[in-house]
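Biologist: I'm new to this one, could you walk me through it?
Modeller: Gladly, here it is.

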Amino acid sequence: MPNNSLQVYNTLTRKKEVFVPINPPFVGMYLCGPTVYGDAHLGHSRPAITFDILFRYLKHLGYTVRYVRNITDVGHLENDADEGEDKIEKKARLEKLEPMEVVQHYTLGYHRNMDALNVIPPSIEPHASGHIIEQIEMIKKIIAHGYAYESNGSVYFDINAYQKDHNYGQLSGRITEDLLNNTRELDGQSEKHSPIDFALWKKASPEHIMHWPSPWSEGFPGWHIECSAMSRKYLGETFDIHGGGMDLLFPHHESEIAQSVGSCGKQPVHYWMHNNMLTINGQKMGKSLNNFITLDELFAGKHKLLEQPYAPMTLRFCMLQSHYRNPIDFSNKGLQDAEKGLARLSEVYLLLRDMKWTDTPINEETEKSLSAFEQDCNDAMNDDLNTAIVISNMFQASAHVNRFHASGKTEGVSEKTFEGFRKVYMLYFTDILGLKAEEKNTSNQDFADLVNDLIEVRTEAKKKKDFALSDTIRNLLSKFVVLQDSATTTVWKHERKK
């Protein structure tokens, strides 16, 4: 049975809690996925990476995880409100395509970007349009319990009726009186009992392309109901973890709770987890600010704010250097620093992969440091997935590996400790953090043999005090590699790009 030392921050209770699944060793986890009407952008990458880390770590701990991440392909109207055009229909109209052509195109693009970021696919990826029946059935139950009403063919959730028995605002801390004071009356909302009520089902206007039959009208579901219905179908009335960005906390996740409680009387989720937002050079990302960067643009360097292309692993590493509940500000400097940091850890990974233990006297400090590495990383992950501390631990341990490489010996560490450290470092790098170390093209055997031969010639020249030849070889090699001389040997590594 997996241990329960993992603590996560629960947005619902506003504190860290020990993670205890409902039915161990099984874990049910739901993440709000993208609305597929445009190319995936930087904002899409953070929740995907955050909950990919959680998915990976839960499996590492021994849990059997059913991870559900949806695709929104209907019902998400402009401005996240109950009025306006469906975002996907609008894109289809502008591009003269069928809505499902738009959905297919951008879903495939999203998957391609997630693959590049090494995000593991979810266990199930349901589409909202494929679960209309489940949404209609859930709406029927909410109406039967007195928390929704039909008006002119549309159905709205009755927040005031719900408030008499439950708390709408428990997740976000919003108070209904404040919501009323801050909600302006919009055209077309007169059919609502209250301006703060939200749509469960909308009657389709004649020009609306995507619509389905229902007991109330030919229409389409509201945005919030889809996640309540799909999470229940695949994870049950109550499940372990629901994730998403802070931007979804209200009204989307707040409304999900109300719909679920209103339909079956049960709290749907034990642990609500939210990643924080990101900015670009200190500003909120938005098309109006000309700082809206898609993932394809980032990877190709094709945006006026980008000084260069940035590899998918650079973006992933950049995000993991910050705790998921902290905001991230993206800048060229931040990405370039992440690129350099990842290169350092990748180099250590590759060195460790090929390094052999050598029998040397034990150094207590080295032995203690490498022995503690696994526990230090586990403690950081168990403290609400603190990947930033894990990476810090990896940098600290890298000093030992670089020293081993420079001397040609694993000096000061026992075989058991060295092999254990190597296994854990490589496990965290690849399996838990989901990083990839790319080998340089120049690191082929012919190149390595040539460099080693020249180093031998240089070593012989130094022995014969032919310093002119020694310096000439060193100057030549320095154009391609970094040489590290010690008292007895010379080792080399590839030059990093500036």
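Biologist: What is the handedness of the crossing of helix 14 and helix 15?
Modeller: The crossing of helix 14 and helix 15 is left-handed, meaning that the near helix is turned anticlockwise from the far one by less than a right angle. This is a predicted model, where local features need pLDDT of at least 70 and side-chain atom pairs count only at pLDDT 80 or more, while totals for chains, interfaces and linings use all residues. Residues are numbered from 1 along each chain as its sequence is written, and side-chain values use heavy atoms, with hydrogens and water left out.

Biologist: And which residues make the contact?
Modeller: Helix 14 contributes V390, M394, A397, S398, V401 and F404, and helix 15 contributes F418, F421, Y425, Y428 and F429, where contact means heavy atoms within 4.5 Å.

Biologist: OK, new topic. How many disulfides does the structure hold?
Modeller: It holds 0 disulfides, a disulfide being a pair of cysteine sulfur atoms within 2.5 Å.

Biologist: Where does H208 lie, and what does H208 touch?
Modeller: H208 lies in the loop between strand 7 (198-203) and strand 8 (219-221), strands being DSSP runs of E of at least two residues and helices runs of H or I of at least four, numbered from the N terminus. Leaving aside residues up to four places away in sequence, H208 touches D86, E89 and F220.
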